[in-house]
Amino acid sequence: MTRRVAGWQSDCARRVLPAVEDAAQHTKLWWGAAAVMSLAGWRGRRAAVAGLASMAVAELVSNAVLKQVCERERPPKEWISHEDVHERPDSSSFPSGHTAAGVGFTAAVAAVWPLAGAACAVPAAMVATERVHTGAHYPSDVAAGAVIGLAAAALVRKSPRLALRLLR
């Protein structure tokens, strides 16, 4: 599966996915989405805060914890048939922190503002695809990142109730 996605030679993919990769670096894409949402009133601000909080939790779990515990090499460069293979990080391939951040942000936003969440789902899926297409991750790394993102969004959504319960 990794070879098939990484070997995808579509002209559209070769034009769009590098731009997606640039936007997703350092979570710029999600910070930008949060800034735009915050201009849409109280609902947008709530969605943006929930998205950013979930993204932070997802990144913490994926990058600061699991990547340190799970040592997995990135897919071999030989599997990537196009010239879009950039220098890849030396960190563990498992899990995909980019996917965890994108899914975490999107799922938390969708819980507050479903329409904005649906809009964020498109770039989140593109980020996940791009991570496999460039050979940075295996599909299972991306799937694990998605699960982490969903769990982070659920935790962020439940955390006010959990905090109140603990304070009683």
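A kink of about 25 degrees lies at Ala121 in helix α6, shortly before the proline Pro123; the bend at a residue is taken as the angle between axes fitted to the seven residues ending there and the seven starting there. The model is a predicted one, in which local features need pLDDT of at least 70 and side-chain atom pairs count only at pLDDT 80 or more, while totals for chains, interfaces and linings use all residues. Residues are numbered from 1 along each chain as its sequence is written, and side-chain values use heavy atoms, with hydrogens and water left out.

Helix α6 covers residues 114-133, and its 20 residues reach 28 Å from the first C-alpha to the last, close to the 28 Å expected at 1.5 Å a residue. The expected span of a helix is 1.5 Å times one less than its number of residues. Buried positions (under 20% relative accessible area, with exposed over 50% and partly exposed in between, for a 1.4 Å probe and protein chains only) in α6 include Ala116, Gly117, Cys120 and Ala124. Toward the end of the list stand Glu130, Arg131, Val132 and His133, also buried. Just after α6, Gly135 takes a positive phi of about 80 degrees.

The protein as a whole has seven helices and zero strands, where helices (H or I, at least four residues) and strands (E, at least two) are DSSP runs numbered from the N terminus. Of its 168 residues, 41% count as buried.

Helix α4 spans residues 42-69 and contains Arg46. The end C-alpha atoms of α4 are 39 Å apart, which agrees with the 40 Å that its 28 residues should span at 1.5 Å a residue. Among the buried residues of α4 are Gly44, Ala47, Ala48, Leu52, Met55 and Lys67. Arg46 counts as partly exposed because its relative accessibility is 48%. The C-alpha atom of Arg46 is separated by 8.3 Å from that of Val109, 63 residues away along the chain.

The axes of α4 and helix α5 (residues 97-112) come within 7 Å and cross at roughly 150 degrees. Therefore α4 is roughly antiparallel to α5, a term for angles over 145 degrees. These axes are lines fitted to C-alpha atoms, for helices over the stretch in contact, and angles run from 0 to 180 degrees between N-to-C directions. The residues of the contact of α4 with α5 divide into 12 nonpolar, six polar and four charged; Ala, Val, Leu, Ile, Met, Phe, Trp, Tyr, Cys and Pro count as nonpolar, Asp, Glu, Lys and Arg as charged, and the others, Gly among them, as polar.

Definitions and conventions: Parallel < 35°, antiparallel > 145°, perpendicular 65-115°, else oblique.
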